[in-house]
Amino acid sequence: MDNEPRTCVICGASTADKRRDAMYCSGRCRKKGQRTGVATRRAPAYAVQVMPAVVPKRQRKPSVNDIAHLVLDASSIEASFRFASTRADYRFRAMCTRMADAIGAALDQEGLR
Ligand SMILES: [Zn+2]
């Protein structure tokens, strides 16, 4: 990790002379990154690689339908954590229970199920 070459996520120029978590080589690339929705914190290299494909150039305003899908996604993630809380490696079970409980409690609190 320490020896990983650090490069600008926009143009690929070296950021070795910048802060350890610097994502951009310059103000120009930072602007471009912010415009295109690239995260402002350094993400793992694999995430940076897929981001241009999954992050739309400009996020449109979420519609009611989008929110409905997010709620369904949250329910589905809760169910997956619930499943993992009894089937996953023992080390992860307690955390999966807490995640499922937290998502479930939020859905309940918002009256979403
Ligand atoms: Zn750059």
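Helices (H or I, at least four residues) and strands (E, at least two) are taken as DSSP runs, numbered from the N terminus. I noted two ground rules before looking anything up. Residues are numbered from 1 along each chain as its sequence is written. The model is predicted, so I kept in mind that local features need pLDDT of at least 70 and side-chain atom pairs count only at pLDDT 80 or more, while totals for chains, interfaces and linings use all residues.

**Entry 1: the overall picture**

I looked up the secondary structure and found four helices and zero strands. Along the sequence the pattern reads α-α-α-α. Next I checked burial, where a residue is buried if 20 or more other C-beta atoms lie within 10 Å of its own, exposed if 12 or fewer, and partly exposed in between, with C-beta atoms placed from the backbone. Of the 113 residues in the protein, 8% are buried. For contacts I used C-beta atoms, placed from the backbone, within 7 Å of each other. Among contacts with a separation of 6 or more, 19% join residues 24 or more positions apart.

**Entry 2: Cys 8**

I went to Cys 8, which sits in the segment before helix H1 (27-36). Is Cys 8 buried or exposed? Cys 8 counts as buried because it has 20 C-beta neighbours inside 10 Å. Setting aside neighbours within four places in sequence, I listed its contacts as Ala 13, Thr 15, Tyr 24, Cys 25 and Cys 29. I also noted Ser 26, which is 18 residues from Cys 8 in sequence and 8.4 Å away in space, C-alpha to C-alpha.

**Entry 3: helix H3**

The 24 residues of H3 should span 34 Å, and the end C-alpha atoms are 35 Å apart, which agrees. H3 is hardly covered, with two buried residues among its 24.

Leu 72 lies in H3 and is exposed, because it has 11 C-beta neighbours inside 10 Å. Leu 72 and Arg 113 are 41 residues apart in sequence, yet 9.8 Å apart in space, C-alpha to C-alpha. Arg 82 is also found in H3; it is partly exposed, with 17 other C-beta atoms within 10 Å.

Helix H4 covers residues 90-109, and its 20 residues should span 28 Å; I found its end C-alpha atoms 29 Å apart, which agrees. Just after H4, Gly 111 has a positive phi of about 65°.

How do the axes of helix H3 (residues 64-87) and H4 cross? They come within 8 Å and cross at roughly 150°. That makes H3 roughly antiparallel to H4, a label used for angles over 145 degrees. The axes here are lines fitted to C-alpha atoms over the stretch in contact, with angles from 0 to 180 degrees between N-to-C directions.

I wrote down part of the contact: H3 gives residues including Ala 74, Ile 77, Phe 81 and Arg 82, and H4 gives residues including Phe 92, Cys 96, Met 99 and Leu 107. Arg 82 and Cys 96 are 14 residues apart in sequence and 6.6 Å apart in space, C-alpha to C-alpha.

Notes: The expected span of a helix is 1.5 Å times one less than its number of residues. Angles under 35 degrees count as roughly parallel, over 145 as roughly antiparallel, 65 to 115 as roughly perpendicular and the rest as oblique. Two residues are in contact if their C-beta atoms, placed from the backbone, lie within 7 Å.
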